[in-house]
Amino acid sequence: MKHIIFKQHILVEDIQLHEDEINHVKSIKVSKKNKDDLMLTNYFENFNDEKCIKIIRKYEHVFEEIRVRNNYQTYKLTKFWVQKYNHDDFHDIHTHGTQDNHYSFIIYIDCSKNSSVTLFYALGYPYTSYVGKSPYGIKPEKGRIILFNSFLPHGLVPNKDEKRLVLSGNITYD
């Protein structure tokens with residue numbers, strides 16, 4: 001008898017960010033390209049900010065954890081961006097890809113107790129769910145990173161403050 005398990009990783013780690021790092025990310029220009037956009041972002045820009053890369057590197061031990069757990073040889077940061085959520089801004093349920101070696105991360109740069117949680121949904125959502133387990137919410141905390149399979153559906157309900165600021169990105173493992 002074969003026993004096959006489908007598993008998805010969500011790693012959460014808290015690290016202290018310095019005020020100058022927070023202020024730097026706050027200073028990055030973000031905008032709504034269209035009037036119907038759901039949040040302020042620089043996702044569509046050709047963004048390559050060395051100070052943001054330095055912040056992301058503070059979390060290398062989290063990226064390494066996935067590399068080791070899955071017997072990957074290397075990983076590469078493929079894209080990163082900043083998103084700012086004002087009151088009632090949200091992000092529809094979405095994924096960042098379909099490959100099992102692609103991961104995404106969210107680093108909470110600024111937030112408050114009223115910042116909306118990031119919600120993760122079961123694979124196959126909305127056609128499947130696990131009773132009492134989906135969606136799974138992770139509360140924002142300054143300096144917290146969430147690293148997860150890019151194919152996991154996730155999103156954000158309308159935000160309830162003016163502070164929620166994230167540095168997000170995608171990583172490919174080989």
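This is a predicted model: local features need pLDDT of at least 70, side-chain atom pairs count only at pLDDT 80 or more; totals for chains, interfaces and linings use all residues.
View 1. A search of the whole structure finds nine aromatic pairs. One of them joins tyrosine 75 and tyrosine 173, whose ring centres lie 5.4 Å apart with the planes at 45 degrees, so the pair is tilted. This pair links distant parts of the chain, since tyrosine 75 belongs to strand S3 (residues 75-85) and tyrosine 173 to strand S10 (residues 164-173), 98 residues apart. Tyrosine 75 is partly exposed, with a relative accessible area of 22%, whereas tyrosine 173 is buried, with a relative accessible area of 0%.

**View 2. Tyrosine 103 and tyrosine 173 form an edge-to-face pair.** The centres of the two rings are 5.3 Å apart and their planes stand at 75 degrees; because planes over 60 degrees apart count as edge-to-face, the pair is described in that way. Tyrosine 103 lies in strand S5 (residues 102-110) and tyrosine 173 in strand S10, so the contact ties together parts of the chain that are 70 residues apart in sequence. Tyrosine 103 has a relative accessibility of 1% and therefore counts as buried.

**View 3. Charged ends of lysine 79 and arginine 164 sit over tyrosine rings.** The charged end of lysine 79 is placed over the ring of tyrosine 43, at 4.5 Å from the ring centre. The charged end of arginine 164 sits over the ring of tyrosine 85, 5.0 Å from its centre.

**View 4. Four strands form an open sheet in the order S4-S9-S6-S7, with antiparallel pairing.** Strand S4 (91-94) and strand S7 (136-138) stand at the edges and have a single partner strand each, so one side of each is left without a neighbour in the sheet. From one strand to the next, the twist averages 25 degrees.

**View 5. Three bridges join strand S6 to strand S7.** Strand S6 (residues 118-120) and strand S7 run antiparallel, and the bridge partner of phenylalanine 120 in S7 is tyrosine 136. Strand S7 is also one of the edge strands of the sheet.

Notes. Residues are numbered from 1 along each chain as its sequence is written. Side-chain values use heavy atoms; hydrogens and water are left out. Two strands pair if DSSP finds at least two bridges between them. Helices (H or I, at least four residues) and strands (E, at least two) are DSSP runs, numbered from the N terminus. Axes are lines fitted to C-alpha atoms, for helices over the stretch in contact, and angles run from 0 to 180 degrees between N-to-C directions. Rings of Phe, Tyr and Trp (its six-membered ring) pair if their centres lie within 6.5 Å; planes under 30 degrees apart count as stacked, over 60 as edge-to-face and the rest as tilted. Buried means under 20% relative accessible area, exposed over 50%, partly exposed in between (1.4 Å probe, protein chains only). A charge sits over a ring if NZ of Lys or CZ of Arg is within 6 Å of the ring centre and within 35 degrees of the ring normal.
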